[in-house]
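Please look at the sequence and the model below, and keep both in view while reading.

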Amino acid sequence: MSSSSVAVVDYGMGNLHSVASALDKVGDGVKVIVTDCPDTILSADRVIFPGVGAIRDCMAELKSRGLDEVIQEVAAQKPMLGICLGMQALLENSEENGGVECLDILPGAVKFFGNDLHDSAGTRLKVPHMGWNNVAHSIEHPLWEGIANNSRFYFVHSYYVDAPDFVAGTADYGVQVHAALACENVFAVQFHPEKSGEAGLRLLRNFLNWDRPTASFFPVSD
Ligand SMILES: NC(=O)CC[C@H](N)C(=O)O
């Protein structure tokens, strides 16, 4: 992978320094480009779509930069990893901010944890879900390679993904959180791999080594 490149989409939603520096750590020779330039994103070998904050701002920032269509095109073409708000934006809609239409790349919705959340023992759970939680693998996938089932990853979110068609991993937090999704060349995670120690770094390394599937699944939007 010595001459390959990874674009980290920079659309004003969060400090991408931790993502870029984690990639520098694991990406032996991979060129890491933090950018909002559509052409640069489209010509990279693979793309990371991160994000922190509120979904309405996220969608507005993407649209104002023309990056909504770029992300849809990337999803049709090359390995893409959505992280946190970047994962949520891939779905049909989110309950955050009173309801927001998202990119509709993957079927499913983003839902509020609610104000009355309890674990199976009846203990009240705080929202946001903030801290380490186990992720159970739902499928075998190249991005899970070398990562033990039920490894811990770091989460910070108040809304959770419900996308039963393409679940790659789950976490338990009063409800079943779809913590990872996989569909063709798209993988997405609710947790922050860049803040998740060795398991997270391994996932990023696996992403940089992930060969693009030959079949293109998603239609390119016009
Ligand atoms: N950490 C975040 O940026 C959270 C993303 C989203 N607003 C949520 O609460 O789920």
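Leaving aside neighbours within four places in sequence, Cys-84 is in contact with Pro-50, Gly-51, Val-52, His-157, Gln-190 and His-192; two residues are in contact if their C-beta atoms, placed from the backbone, lie within 7 Å. This is a predicted model: local features need pLDDT of at least 70, side-chain atom pairs count only at pLDDT 80 or more, and totals for chains, interfaces and linings use all residues. Residues are numbered from 1 along each chain as its sequence is written.

Cys-84 is found in the loop between β4 (80-83) and α5 (85-89). Helices (H or I, at least four residues) and strands (E, at least two) are DSSP runs, numbered from the N terminus. Is Cys-84 buried or exposed? Cys-84 is buried because 25 other C-beta atoms lie within 10 Å. A residue is buried if 20 or more other C-beta atoms lie within 10 Å of its own, exposed if 12 or fewer, and partly exposed in between, with C-beta atoms placed from the backbone.

In an unreviewed UniProt entry, the annotation "active site" covers Cys-84, His-192 and Glu-194. These residues are spread over 111 residues of sequence, yet they cluster in space, with a largest C-alpha distance of 11.0 Å. UniProt positions are given in the numbering used here, feature names are shortened, and annotations may be inferred rather than shown by experiment.

Glu-194 lies in the loop between β13 (186-189) and α6 (197-209). Glu-194 counts as buried because it has 24 C-beta neighbours inside 10 Å. Apart from neighbours within four places in sequence, its contacts are Ser-18, Val-19, Ala-22, Gly-200 and Leu-204.

Next comes a sheet. Four strands form an open sheet in the order β6-β5-β7-β10, with mixed pairing; two strands pair if DSSP finds at least two bridges between them. At the edges are β6 (100-101) and β10 (159-162), each pairing on one side only. Strand β7 (residues 109-112) runs antiparallel to β10 and is joined to it by four bridges. Within this pair, Val-110 stands opposite Val-161 in β10.

Now the whole chain. The protein chain has six helices and 13 strands. Its radius of gyration is 16 Å, close to the 17 Å that the globule rule gives for 222 residues, so the chain is as compact as a globular protein of that length. The radius of gyration is taken over C-alpha atoms, and the globule rule is 2.2 Å times the number of residues to the power 0.38. Buried residues make up 44% of the 222 residues.
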